[in-house]
Amino acid sequence: MKFSLVADTLRYMENTTKRLELTQHLVDLFKITPPDIIPKVVYLLQGKLRPDHEGVEIGIAEKIAIKALSKSSGISVKKIDHEYKETGDFGQVASKILEQKTQTTFLNQDITVERVYETLYKIAELRGARSQDMKMKYISSLLNDATPTEGGFIAKIITSNLRLGIADYTILDALSVAYTGSKENRPILEHAYNVCSDLGKVSQAVSKDGISALKDFQVKIFSPIRPMLAERVKSPQEAHEKMGQEFAAEYKLDGERVQIHRQGEKIILYSRSLENITNYYPDIVENIGKSLKVNEVILEAEIVAINDDTGEFLPFQELMHRRRKYKIAKAVQEYPITVNFFDVLLEDGKNCLDVSYKERRKILERIIVEDSFAKVMPMTLVKTDNEVEDSLENAINSGCEGLMLKQLDSPYRAGARASNWLKLKREYRNELGDSLDLVVVGAFYGRGRRTGRYGALLLSAYNDQIDTFPSICKVGTGFTDGSLDQFYQILADKITVKKDPRIESGLEADVWFEPELVIEIVASEITLSPIHKVAMDKIRKGSGLALRFPKFTGKIRFEKTSENATTIDEILTLYNSQKRVIQDERQT
Ligand code: ATP
């Protein structure tokens, strides 16, 4: 398949911000893509070679890319460097330079998707002393044969600058339309994706065998499953309304969620957003085998930092010390942990997703041998409001955030946030209740002491139905001098030339970012707003929802991607329950 078909689609997509048009361009492309090639096209469209959890990075330094461009065009590094400094967009520079070249030479041959993909794959695998030279050779051979449009996109992909915002959900929509004829079937595609977390695999199956191939997508070892999530409730009464009379109340520990895949000696750990985090926890890899009675298993647990002397649970931030590349052994000594199992998704090769919570819990208790490192999450069965209150009291006294309430006959609903799992925290009763995890989408320059840094950030929630990031507030409080510096640095390489088409806001930020960084915010209330776009027109025509008195809590949610941020539905639920509290207070 000609790479020009992909490059043309990317070019059309760059020129529109309308979601429907974006999706239609993808549908047109998918319709003409053969099944063997579709996974490659899907990955390349997102600037990837494999799903994120496999950690295959193209990773080319701009310096090398510039050298390669110089080699294929005959134009000096100095001139390319100069152009790049002027425009700040390496893709544009590459197109322009190749344009100049094509005026003097003939193109050799059409480049294909297969060739681009395989060359980039070879580059990603290169290691060692001579790898930089080899990378340069591979890139310049591609650029030699590329048209200016193709070369521009290749340049963007290799330097990780393809910023079209083609998210997973947009691709699922387009696959559904292209291969099943309508968007109606998207939930089936989404289910398959939730089970395997690999859009390439889903795209290949649906393009080859249609929708029937997706219905029984199976859980597989070392293929992470998108995690099941919980809704918030404010009281035991609300929990009873949602889940019926009897349910399980588990401790809700404040740590890092981990999905542990084990097959014999091989162990891989995936984070909440399915990043491979095995290297941060060598103590789990070393010790967990002793606590598992089965050979091939997928488990979920909460990793919690503890005080080694007292055994007390320590706050989530302590685990940040484990996120380092070097001196991990020292961090393991200094910041000990426990692993607290709360679910089982595969047992001895058998899929457990459709098994009820009650049965999964039985399996868990049967296959885990507890010791001081590995524990089964404490759980009690509760029936009355008083029993829930007692469990909450107990959990909080033991250093937990609150309770996770789980419906006894519910299956594991991969990737879903549904009322089969509820979270109940003490602070839900005051003010807004829970904190929100919001995406930094823009910033405003600071004045006075904040000159030269950002004075305020523009934050968005996530609309997981249509894959957009509507703004919900501008936040300028809760920052220390240190955190302002940190944000300025972290955000530097997320700046975009144009606003990402998925961001919706009535405010014009001084700087726009790729919607990637997630931070935690508390607020006093949710109010109606004409400027912010969360849940626009849902409560009142012409109004969205905004946060009143938002404040940064100091927590950067490094383990969350922007698609894991607080959703519009969650904000609507919070808004409605806040209204109920106000009404209740007025009545008493
Ligand atoms: P979410 O993961 O729901 O998007 P979050 O990461 O902000 O939100 P919370 O809303 O505080 O976290 O609660 C959910 C998280 O609680 C889970 O992702 C998991 O990390 C953690 N957790 C702690 N104890 C349990 C438990 N017993 N069962 C399930 N999850 C638990």
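**View 1. Residues around the ligand.** In this predicted model, 20 residues surround the ligand, the closest being Glu250, Lys252, Arg272, Glu302 and Lys423; a residue is counted as near the ligand if one of its heavy atoms lies within 4 Å of it. The shell around the ligand divides into seven nonpolar, no polar and 13 charged residues, where Ala, Val, Leu, Ile, Met, Phe, Trp, Tyr, Cys and Pro count as nonpolar, Asp, Glu, Lys and Arg as charged, and the others, Gly among them, as polar.

View 2. A polar contact here is a pair of N or O atoms within 3.5 Å. An oxygen atom of the ligand lies 2.6 Å from a side-chain N or O atom of Glu302, while a polar side-chain atom of Arg417 is 2.8 Å from an oxygen atom of the ligand.

**View 3. The two domains.** The domain assignment, which is automatic or from a database, gives domain 1 (231–425) and domain 2 (436–587), and each of them supplies at least three residues to the shell around the ligand. Their centres, taken over C-alpha atoms, are 29 Å apart, and the contact (heavy atoms within 4.5 Å) takes 12 residues from domain 1 and 15 residues from domain 2.

**Notes.** Residues are numbered from 1 along each chain as its sequence is written, and side-chain values use heavy atoms, with hydrogens and water left out. Because the model is predicted, local features need pLDDT of at least 70 and side-chain atom pairs count only at pLDDT 80 or more, whereas totals for chains, interfaces and linings use all residues.

Technical notes:
Polar contact = N/O pair within 3.5 Å; in protein donor to acceptor, adjacent residues only side chain to side chain.
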